[in-house]
Amino acid sequence: MSSLARCTTVAILLAGGEGVRSGGRKQFRKAGGRSILRHAADGLAAVREIGGLIVVVPEDAIASTRRELAAIDKPFEVVAGGATRNLSSRNGVAALPTKCRWVLIHDAARPFASVALIRRVLRAAKAQGAAIPAVAVSDSTIECTTDGSLKRYLPRERLGAVQTPQAFARERIETAFARSRRTDFTDDAGAVLRAGHEVAVVEGEPGNLKITSPEQLARALRELKRDGG
């Protein structure tokens, strides 16, 4: 197995959250003997262009995560996450090997991203420096006032729901993080956009769902087990 230090394209898998909305640390729930985190890691490892992985987890889960990932066929490192998603992203970026030029950042709570989607995002980032997947919004979308009343309808044809993985030139994401002290970005492209860089948008996948509720967790566990777990 090659060393992570020699990898030019690295995927950062974010699994540092406590998962309060879904009942706590959903990333470690198992389906078919593998955790949701492991399913997401296997999806990234299946992409030939990705040389290795950096997995970000709560500090007390580092040792157990290393044991679970020991069988994947790509070099990896496991590092501690931060108090927010953005801090966990920053920790992952800080751990990138020197030779890395391209980085994907993915949520472990999205274990269904396909190889085709991951490659599509990476290709767009290599062409334009940064790329995200998004799916069209099908429902009517509104903006509310602070008291919860309807303020206005938003133009649905110009809206999209953002997904991960998101991909970046290494220097672009590093520069974006360095230029802003904000740690409340809900995704990494937000920091890149705020730093003044363009971000390409590619077609996402409706099936690339993010697990955020107990109901979604139960559904994901059933599907992962049925699909070969």
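Analyst: Let's begin with the naming: helices (H or I, at least four residues) and strands (E, at least two) are DSSP runs, numbered from the N terminus. What you see is a predicted model, where local features need pLDDT of at least 70 and side-chain atom pairs count only at pLDDT 80 or more, while totals for chains, interfaces and linings use all residues. Residues are numbered from 1 along each chain as its sequence is written, and side-chain values use heavy atoms, with hydrogens and water left out.

User: Which element gives the most to the lining of the second largest pocket?

Analyst: That's β7, with four residues. β7 (130-136), β10 and α6 (188-194) are the elements that each give two or more. The pocket holds about 260 Å³ of space, and among its 14 lining residues Ile132, Ala134, Val162, Val199 and Val201 sit closest to the centre. By type, the lining splits into 10 nonpolar, two polar and two charged residues; here Ala, Val, Leu, Ile, Met, Phe, Trp, Tyr, Cys and Pro count as nonpolar, Asp, Glu, Lys and Arg as charged, and the others, Gly among them, as polar.

User: And how many cavities of 30 Å³ or more are there?

Analyst: One. The largest cavity has a volume of about 40 Å³, and its lining is His39, Ala40, Gly43, Leu44, His106, Arg110, Pro111, Ala113 and Ile118. α1 supplies the largest share, four residues.

User: Next, the core. What counts as one?

Analyst: A nonpolar core is a set of buried Ala, Val, Leu, Ile, Met, Phe, Trp, Tyr and Cys residues joined through side-chain atoms within 4.5 Å. Buried means under 20% relative accessible area, exposed over 50%, and partly exposed in between (1.4 Å probe, protein chains only). The largest core here has 32 residues, and Leu13, Ile50, Leu53, Val55 and Val57 have the most contacts inside it. Several elements supply at least two residues each, including β1 (9-14), β4 (52-57) and α4 (115-128). The biggest contributor is α4, with six residues. Apart from this core lies another, of 24 residues, with Leu14, Ile132, Phe185 and Ala195 among them.

User: Is a helix such as α3 mostly covered or uncovered?

Analyst: Mostly covered: seven of the 10 residues of α3 (residues 85-94) are buried. They are Arg85, Asn86, Ser88, Ser89, Arg90, Gly92 and Val93, and they pack against β1, β4, β6, α5 (170-179) and α6, with contact meaning heavy atoms within 4.5 Å.

User: Where do I find a cis peptide bond?

Analyst: As background, most peptide bonds are trans. In this model the bond from threonine 164 to proline 165 is cis, with omega near 10 degrees. Threonine 164 counts as buried because its relative accessibility is 3%. Its side chain makes a polar contact of 2.9 Å with that of histidine 106. A polar contact is a pair of N or O atoms within 3.5 Å; within protein, one must be able to donate a hydrogen and the other to accept it, and residues adjacent in sequence count only if both atoms are side-chain atoms.

User: Which side chain makes a polar contact with the side chain of serine 35?

Analyst: Glutamate 68, at 2.9 Å. A polar atom of the serine 35 side chain also lies 3.0 Å from the backbone nitrogen of arginine 38. Serine 35 belongs to strand β3 (residues 34-35) and, at 0% relative accessibility, counts as buried. Proline 155, in the loop between β9 (150-154) and β10, is partly exposed, with a relative accessible area of 35%.

Technical notes:
On a 1 Å grid over the protein atoms alone, a cavity is a set of points where a 1.4 Å probe fits but cannot get out, and a pocket is an open set with protein on both sides within 12 Å along at least five of seven lines; lining residues have an atom within 4 Å of a point. Grid points are joined across faces, edges and corners, and a volume is the space filled by probe spheres set on the points.
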